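The paragraphs that follow go through a model, from its helices to its sheet and then to its confidence values. Please keep the coordinates open while reading.

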Amino acid sequence: MATVELRFSALPEHVRTARLVAAAVARRAGVDEAVLDEVRLAVGEACSRAVGLHRNGGITAPVKVSLIEDEKQFSIEVGDEAPHASFVSGAPGAGSDDAEAEEDEMGLAVISGLVDDVEVTAGEDGGLIRMTWPTTPRVVPLA
C-alpha cells in the first residue's frame, strides 16, 4: 500500500494543486482514464469545502489530503479540523447559520454524485471525506 500525503494552508489557490496531484497519483495507481475528471472534480470540491470550513472557523491548521493506493482500489481522504457538532441535529447552535449548512450539504451532494463509494465522517474534532475508486492492474510490456 503506497500513500502520498499533502498538507496545505487553507487557501483557495492551493486547491488546484491538490486536484492536479490527486489526478496524477490516481492515473499512476491505475484509475480508469475516463474517471480522472471525476477524481479531479471530487477532490476539488472536497478540498474547497475543507478550506471554507477552516477559513470560516478561523482554523490555522492545514487541510490534509491522503492519496492511498491499495491492491484493487485507490482512495483519497480529505480531512479538516473544523468542529462539526453544530451540524448534528439538536446540538447547541444547530441551524445557527443555515447558509453555511446548505452550502456544506450542496458540496457533499456534488461529491456523492461524482463518486460511487464515498464515506463522510464528522465530529467535534473535524471531518473526513473518503472517496474510493477501483483500479485496473497495470500491464508491463515485455521488452
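Axes here are lines fitted to C-alpha atoms, for helices over the stretch in contact, and angles run from 0 to 180 degrees between N-to-C directions. Helices (H or I, at least four residues) and strands (E, at least two) are DSSP runs, numbered from the N terminus. The model is predicted: local features need pLDDT of at least 70 and side-chain atom pairs count only at pLDDT 80 or more, while totals for chains, interfaces and linings use all residues. Residues are numbered from 1 along each chain as its sequence is written, and side-chain values use heavy atoms, with hydrogens and water left out.

The axes of helix α1 (residues 15–29) and helix α2 come within 9 Å and cross at roughly 145 degrees. This crossing is right-handed; a crossing is given that name if the near helix is turned clockwise from the far one by less than a right angle, and left-handed if anticlockwise. From α1, V15, A18, R19, A22, A23, A26 and R27 meet a set of α2 residues that includes L36, V39, V43 and V51. Contact means heavy atoms within 4.5 Å. By class, this contact has 10 nonpolar, two polar and three charged residues. Ala, Val, Leu, Ile, Met, Phe, Trp, Tyr, Cys and Pro count as nonpolar, Asp, Glu, Lys and Arg as charged, and the others, Gly among them, as polar.

Helix α2 (residues 36–57) also packs with α3: their axes come within 9 Å and cross at roughly 160 degrees. The two helices are therefore roughly antiparallel to each other, a label for angles over 145 degrees. Here α2 passes α3 in a left-handed crossing. The contact involves, among others, L41, A42 and L53 of α2 and L108, V110 and I111 of α3. Its make-up by class is eight nonpolar, two polar and five charged residues.

Two strands pair if DSSP finds at least two bridges between them. Strand β3 (residues 73–80) and strand β5 (residues 126–134) pair over eight bridges, and G79 has L128 in β5 as its bridge partner. Strand β4 (residues 117–123) is joined to β5 by seven bridges, and the two form a hairpin with two residues between them. In this pairing A122 stands opposite G127, and G123 has G126 as its bridge partner.

The last topic is confidence. The mean pLDDT (the predictor's confidence in each residue, from 0 to 100) is 87, and 87% of the residues reach 70 or more. Over residues 87–96 the pLDDT is below 50; beyond near neighbours in sequence, this stretch has eight contacts in the model. Where pLDDT is low, the predicted coordinates should not be read in detail.

Notes: Angles under 35 degrees count as roughly parallel, over 145 as roughly antiparallel, 65 to 115 as roughly perpendicular and the rest as oblique.
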